[in-house]
Amino acid sequence: MRSADKNMDKNFQPLDPALRESLPKVNVDDMISSVKYYVDEEKSHLWIKSHDVCAQCKAKPCLFFCPVEVYKTDNEGKVLVGYQACVECGSCRVGCPFLNIGWVLPRGGYGVAYKFG
Amino acid sequence: MTKLTFDAIVVGAGPAGTSAAITMAKSGLKVILIERGRFAGSKNLFGGVLYTEAIKEVLPDFAKRIPSPPFERPVTEQGYWLLSPDSVVRFMHKSESYKKEPADAYISLRAKFDEWYAAQAVAAGALLITKTTVTDFIKDEKGRVVGVQTDRPEGDVYAPIVVLSEGVNNLLAQKLGLAKMDLPPRLVALSVKEVIGLPQPQIEQRFGLNGVKEGVAIDIFGDATLGLPGTAFIYTGKTSISIGMGLLLEEFVQHNLHPHEVLARFKSHPVVKPLIQGGESLEYGAHLIPEYGYDRMPKLFADGVLVAGDAGGMVDALHREGTNLAMTAGRMAGETAIEAHKQNDFSAKFLREYRRKLDDSFVMKDLKQYRRMTDFLDETPHFMKTYIDFANDAAMRYFNAHGLPKRDMEKGIVKSLGQRRNFMGVAKDMMKLMRGMGI
């Protein structure tokens, strides 16, 4: 099995730069404009457990792998959580290399509501 | 206040939970089906294809129900595309024998199907409670599960048995220690999908379909996922196309990839673009797919608890099957719960019968056969790109007539493979592939 840490992983091959170059820029807001949400204005179901841990994380993969870009950084590089756009896939809970993201299900009835699915 | 007590609690109204609820309610048990979404299906998303054999085992007359099940199109053509950056090799199977009523497989949308399916549980007598998240278990003094807590005020519900079909984010199964770990990124795939609306005649024209009684399901490998271990898909709905791609989450993490950018790149591939051109984006979404495999899947029973569906890791990724495993497991969980009520024994020892039923079915047999599939994908990340680009190159050479003697063309194909991977490397990959497929 491969190691979770790419630096420790003998099977890890960096992506061909030309391949990365071929990825079109996408505005995620355009992607989610058709998604129906019932936002819980009182309570976020996602949170950063420790901002110190994020400060030490160079790669910050959460800024990339989250399919709706819930995670963004402010001018100081602090990670912000835009839970309103969350589609509750669970990737951030298990994909954060430091397991530094708190994740619970939204309260009943809140969050994403797929019309097609 | 009197305790809210049922014969059985089902957590989650997806294919597994609803199958369990229908099975138990039909036998006369008092069942509560608890769903966190605004309606059953509102949190659910798949590719996706539904298989009627598994539905029929739960609801023999499903096709005659009114309203009829909200399928999109029957699968009358299916197969694989091997995509290189600028070409494709297609392995497609189309047959008149797919055309029967009801068909074996239907392209579907889960928000619509799951809602209909849960309505059948209600018709069978189950109580469906939506907008309610189960937050924890209630245990007796011996630590046996006797109910669940919900986020409703005074929301405790009691029953001697709980069917846990909470889906891939199986936090409750973890709480009970049934799932030993949260999903490691190398044992779970992240899939993103877009539903693209197009007029019915245009879909039929573009995919060569003769009316709504025909539909195509295509699974796509190679350039669609940047050559990384994963798959993409295109399925035809009535007036929409489901298009998406997924990779092991680890790949997104390690390569710092935006899933929506990988999807956008796939959508702009010269072979794909004309199929969806001019369509309207109706919905985008994402979902995890558990790929623990047979050897790492959660324990499926405990005192007063049975686990079914994604929560138990019941996915055969190779054949894009999941809902049928979930429905079969849900039904068997329901049957086991009925027997437990007859014997008045809800101990883990008795509920082990559920695992035995699953072991005897295709669910565990398939999971066992493909137990090394995830390891194969994980250990040979170059596999897709190497062989799919080779297949496209070989096809190009094979179909060309450039005055080159055929013997030289054949040598060229062999050489092209050798340049991509040496003989030992190819032999090793094939061995690993066979092991992954349980051959």
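Chain A and chain B bury about 5,200 Å² between them, and carbon and sulfur atoms give 56% of that area. The model is a predicted one.

**The interface between chain A and chain B**

- The contact draws on 56 residues from chain A and 60 residues from chain B.
- Four salt bridges cross the interface of chain A and chain B.
- Glu88(A) forms a salt bridge with Arg36(B). The closest N and O atoms of Glu88(A) and Arg36(B) are 2.7 Å apart.
- Polar contacts link 28 residue pairs between chain A and chain B, counting pairs with both residues at pLDDT 80 or more.

**The side of chain A that touches chain B**

- Five elements of chain A each supply at least two residues of this side: helix H1 (17-21), helix H2 (28-32), helix H4 (62-65), helix H5 (91-95) and strand E6 (111-112).
- H5(A) gives the most, with four residues.
- By residue class, the side of chain A that touches chain B divides into 33 nonpolar, 12 polar and 11 charged residues.

**Chain A as a whole**

- Chain A has five helices and six strands.
- Along the sequence, the elements of chain A follow the pattern α-α-β-β-α-α-β-β-α-β-β.
- The C-alpha trace of chain A spans about 45 × 35 × 35 Å along its principal axes.
- Chain A has 117 residues, and buried residues make up 50% of them.
- Take the contacts in chain A with a separation of 6 or more: residues 24 or more positions apart account for 64% of them.

**Strand E15 of chain B and its partners**

- Strand E15 of chain B covers residues 230-236. Six of its seven residues are buried, so E15(B) is largely enclosed by the rest of the structure.
- Strand E14 (residues 216-222) of chain B pairs with E15(B) in the antiparallel sense, over four bridges.
- In this pairing of E14(B) and E15(B), Ile220(B) stands opposite Ala232(B).
- E15(B) also pairs with strand E16 (residues 240-248) of chain B. This pairing is antiparallel and runs over seven bridges.
- Thr236(B) stands opposite Ile241(B) in E16(B).
- A hairpin of three residues joins E15(B) to E16(B).

Conventions: Residues are numbered from 1 along each chain as its sequence is written. Chains are lettered from A and ligands numbered from 1 in the order in which they are written. This is a predicted model: local features need pLDDT of at least 70, side-chain atom pairs count only at pLDDT 80 or more; totals for chains, interfaces and linings use all residues. Side-chain values use heavy atoms; hydrogens and water are left out. Buried means under 20% relative accessible area, exposed over 50%, partly exposed in between (1.4 Å probe, protein chains only). Two strands pair if DSSP finds at least two bridges between them. Contact means heavy atoms within 4.5 Å. Buried area is the accessible area (1.4 Å probe) that two parts lose on being put together, summed over both. A salt bridge is a side-chain nitrogen of Lys or Arg within 4 Å of a carboxyl oxygen of Asp or Glu. A polar contact is a pair of N or O atoms within 3.5 Å; within protein, one must be able to donate a hydrogen and the other to accept it, and residues adjacent in sequence count only if both atoms are side-chain atoms. Ala, Val, Leu, Ile, Met, Phe, Trp, Tyr, Cys and Pro count as nonpolar, Asp, Glu, Lys and Arg as charged, and the others, Gly among them, as polar.
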